[in-house]
Amino acid sequence: MRLSKYYIPTIKEDPADAEVVSHKLLLRAGMIRKLTSGIYNYLPLGLRSINKVAKIVREEMDRAGAMEISMPMVQPADLWVETGRWDYYGKELLRLKDRHGRDYCLGPTHEEVITDLIRGEISSYKQLPINLYQIQNKFRDEIRPRFGLMRGREFIMKDAYSFDKDEEGAEASYWGMFEAYKAAFTRIGLRFKPVQADSGAIGGDFSHEFMVLADTGEDTIASCKSCEFGANLEKARVKLPEAKPEPDESNVPALEDVATPGAHTVDEVCNFLSISADKLVKTLLLTIDGKPVAALVRGDRELNEVKLRNIVGGNEIEMADEAMVREITGAPVGFAGPAGLNKDISIFADRELCMSTDWVAGANKGDTHVRHLALGRDCTIERYADLRVIEPTDACPECGKPIEFTKGIEVGHVFKLGTKYSESMDATFLDENGKSKHMVMGCYGIGVSRIVASAIEQNHDENGCIFPPSIAPFEVVLISLGGKDQDVADKAEQLYTEITNLGVEVAYDDRKERPGVKFAEADLIGYPMQLVLGGKGLKNGIIEAKCRKSGEKIELPLDGFTEAFTSWRAEVWEKWGLNL
């Protein structure tokens, strides 16, 4: 492609409204342009990269036995009502009416549509298993879209759905997709880690996220230094120290009120009473689907709301507002405690609280706390469970060795759905004995457009993008510095033809621009390989070659260029750990 004929509207300065690196560079390199909040036009260079990601994903899906289809983006509300998600999905679901007043939504995902399709087509176990996928635009009405393609409202996604006759088959489908994802992300050239994850609004038995490791990631990953354990903070289990006998509460003195004027926070209470935070029980009041619950964790710990929601059951979880706290406790915010709490409130306690006794907690009275709280004696705990957020000082829940925290960007998610959707939508088949059974499902998503942004977040420098050659808009840029020198122009044309004939995608910078502009834009766009031909090089029979990843420059001979270039190109791919 001749850049003199190509549309690349680059920008010299960082746009004011761009926060993260990928957003800035995608705009500056002329790959995307904003239409409105969270919605972008994909320009020629950006779309080329997105299409290359999609091609790799498509190939790995096909290799794994999935079959491509295309489903409508506009979905009827009736299907969502069947599964109960019309109300549950919340405001991220963009709802609309047609001219007849019928309710529809723009598809954020397609579990309902695919289940409706399959229940009308599959009737026998002989037709299973089946795995169907699509690569399509999705829409989620994010409350605060940000970071360009990292968290937009409209985005390109690959979503696949498997249907099996039993759990054994569903397991095989799940792990087959898991391996296909690993293959796809490896071919793309990403440094990634699969981690255990919460299933969220999709639901199901268990799931894994695929995280691109990057310092700018929104998600925090807990992973083991010694084994394969990895999980996001929502999902990461906490391993308790070696089991101790149930604490003896017989010698704990009676509850004692103690005045704590103005001490609302954990730090304020601990300073006032001269105790450490691990001696205090923190009582948090929340609502799950509108019903109030209390959660107890140690004063130096943080509640994991996702764990609590999963244990209690329900969908929407929120902290109780000030009015509700007063209604439940009879006290201002900051003085809630489990002893004497309203009996209609279910209390869930982190299991770490079983390891000790004689606690300090709120007294459900203004400016007052209690000493000598014994949970078994003074409270009615509905259930002890793992309710807190894992911390870097915790041991690996699988092998007990140290863990570390890293940042990541979610680019893929695989779910084992079980029969959640097939039961609610009555998607059944007849088994070998002629009995009706519900299909066992899985679903599998990849953020195709987000991968391009994630690759930039992981690979960039002060000069611009550094694209893996597998998904770069063009693998090579050929820069001609001949100016009015016709000999240089003629040789550059010859090299452009030679490289193109090798099947390599090359951007030929034949523009009448200054060398500095061409070099700066080549680095900004992030072509993996740069070839620079000038008058001096032509005279000496060489062309300068630069690897964008390492910055290394070498000279390739013009005589025998094809062989030399082919060898160097293989070396560049190898630097990325990729195979041609």
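Which residues of α6 are buried? I looked these up in a predicted model, where local features need pLDDT of at least 70, side-chain atom pairs count only at pLDDT 80 or more, and totals for chains, interfaces and linings use all residues. Residues are numbered from 1 along each chain as its sequence is written, and side-chain values use heavy atoms, without hydrogens or water.

**Helix α6.** I took helices as DSSP runs of H or I with at least four residues, and strands as E runs of at least two, numbered from the N terminus. I set buried at under 20% relative accessible area, exposed at over 50% and partly exposed in between (1.4 Å probe, protein chains only). The buried residues are Gly169, Ala170, Ser173, Tyr174, Met177, Phe178, Ala180, Tyr181, Ala184, Phe185 and Ile188. An α-helix has 3.6 residues a turn, so residues three or four places apart point the same way. Just after α6, I found glycine 189 with a positive phi of about 100°.

**Rings.** I paired rings of Phe, Tyr and Trp (its six-membered ring) with centres within 6.5 Å; planes under 30 degrees apart are stacked, over 60 edge-to-face, the rest tilted. I got 13 aromatic pairs. Phenylalanine 192 and phenylalanine 210 have ring centres 6.3 Å apart and planes at 40°, so I logged the pair as tilted. The pair links distant parts of the chain, strand β9 (residues 192-197) and strand β10 (residues 206-213), with the two residues 18 apart. Phenylalanine 210 is buried, at 0% relative accessibility. I traced a cluster of Tyr174, Trp175, Phe178, Tyr181, Phe185, Phe192 and Phe210, linked by ring pairs.
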